[in-house]
Amino acid sequence: MKHTPGPWIVPKRKATLARFDYTKIETRGGTLIAFLPAAATDNDANARLIAAAPKLLLALQTAFEHSCNRADSRVKWTQMDQIVHDEMSAAIAKATGETT
């Protein structure tokens with residue numbers, strides 16, 4: 001699954017649609033990613049989290065690759081290493097629509 005490339009941003013201005021205010025998530029080029037109703041108190045925080053998704057996915061994929069390299073090395077692999085590795089794998093699969 002391909003997503004719209006980042007960066008995604010939350011413009012400071014609210015969008016209005018059918019007389020309701022919305023928080024908008026868009027690319028720097030103005031491509032719309034999502035609308036969230038502005039009335040909900042946590043939607044600004046939700047919008048920031050959604051806007052951070054491409055960068056978060058890239059960071060997680062980088063950490064996962066590092067984890068794979070570490071697993072292949074002679075460094076002692078602990079049970080916690082395996083748990084974190086499995087959680088990263090599951091989160092990446094969820095974000096990309098793949099199965100693990």
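**Entry 1: the outline**

How many helices and strands does the protein have? I counted 2 helices and 4 strands. My helices are DSSP runs of H or I with at least four residues, my strands are runs of E with at least two, and both are numbered from the N terminus. Along the sequence I read the pattern β-β-β-β-α-α.

I note that this is a predicted model, where local features need pLDDT of at least 70, side-chain atom pairs count only at pLDDT 80 or more, and totals for chains, interfaces and linings use all residues. Residues are numbered from 1 along each chain as its sequence is written, and side-chain values use heavy atoms, with hydrogens and water left out.

**Entry 2: overall dimensions**

I looked up the radius of gyration next. The protein has 18 Å, while a compact globule of 100 residues would have a value near 13 Å. The radius is taken over C-alpha atoms, and the globule rule is 2.2 Å times the number of residues to the power 0.38. I then checked the box around the C-alpha atoms. Along the principal axes it is roughly 60 × 25 × 25 Å.

**Entry 3: surface, contacts and charge**

How much of the protein is buried? I found that 23% of the 100 residues count as buried. Buried means under 20% relative accessible area, exposed means over 50%, and partly exposed lies in between (1.4 Å probe, protein chains only). The protein exposes about 7400 Å², and carbon and sulfur atoms supply 58% of that area. These areas come from the Shrake-Rupley method with a 1.4 Å probe, and for residues only the protein chains shown count as cover.

I turned to contacts (heavy atoms within 4.5 Å). Among those with a separation of 6 or more, 32% join residues 24 or more positions apart.

I also looked at charge. There are 13 positive and 10 negative side chains, and the centres of the two sets lie 8 Å apart.

**Entry 4: the start of the chain**

I picked K2, in the segment before β1. Is K2 buried or exposed? K2 is exposed, because its relative accessible area is 83%.

Which kind of peptide bond joins G6 and P7? I found a cis bond there, with omega about 5 degrees. I note that most peptide bonds are trans.

**Entry 5: two strand residues**

A15 lies in strand β2 (residues 15–17). A15 counts as buried because its relative accessibility is 13%. Leaving out residues up to four places away in sequence, A15 touches F20, D21, Y22, K24 and F35. I also checked A15 against V75. They are 60 residues apart in sequence, and their C-alpha atoms are 52 Å apart in space.

E26 is in strand β3 (residues 20–27). Why does E26 count as buried? Its relative accessibility is 7%, so E26 counts as buried. Beyond four places in sequence, the contacts of E26 include P7, W8, I9 and P11. R13, T31, L32 and I33 are also among the contacts of E26. The side chain of E26 makes a polar contact with the side chain of K24 (3.2 Å). A polar contact is a pair of N or O atoms within 3.5 Å; within protein, one must be able to donate a hydrogen and the other to accept it, and residues adjacent in sequence count only if both atoms are side-chain atoms. E26 and A52 are 26 residues apart in sequence and 11 Å apart in space, C-alpha to C-alpha.

**Entry 6: two helix residues**

I found N43 in helix α1 (residues 43–72). N43 counts as buried because its relative accessibility is 9%. Its side chain makes a polar contact with the side chain of N46 (3.2 Å). Setting aside residues up to four places away, N43 touches L36 and P37.

H85 is in helix α2 (residues 79–96). At 13% relative accessibility, H85 counts as buried. Which residues does H85 touch, not counting those up to four places away in sequence? I listed F64, S67, C68 and W77.

How values were computed
Lys, Arg positive; Asp, Glu negative; His and termini not counted. Charge placed at Lys NZ, Arg CZ, Asp CG, Glu CD.
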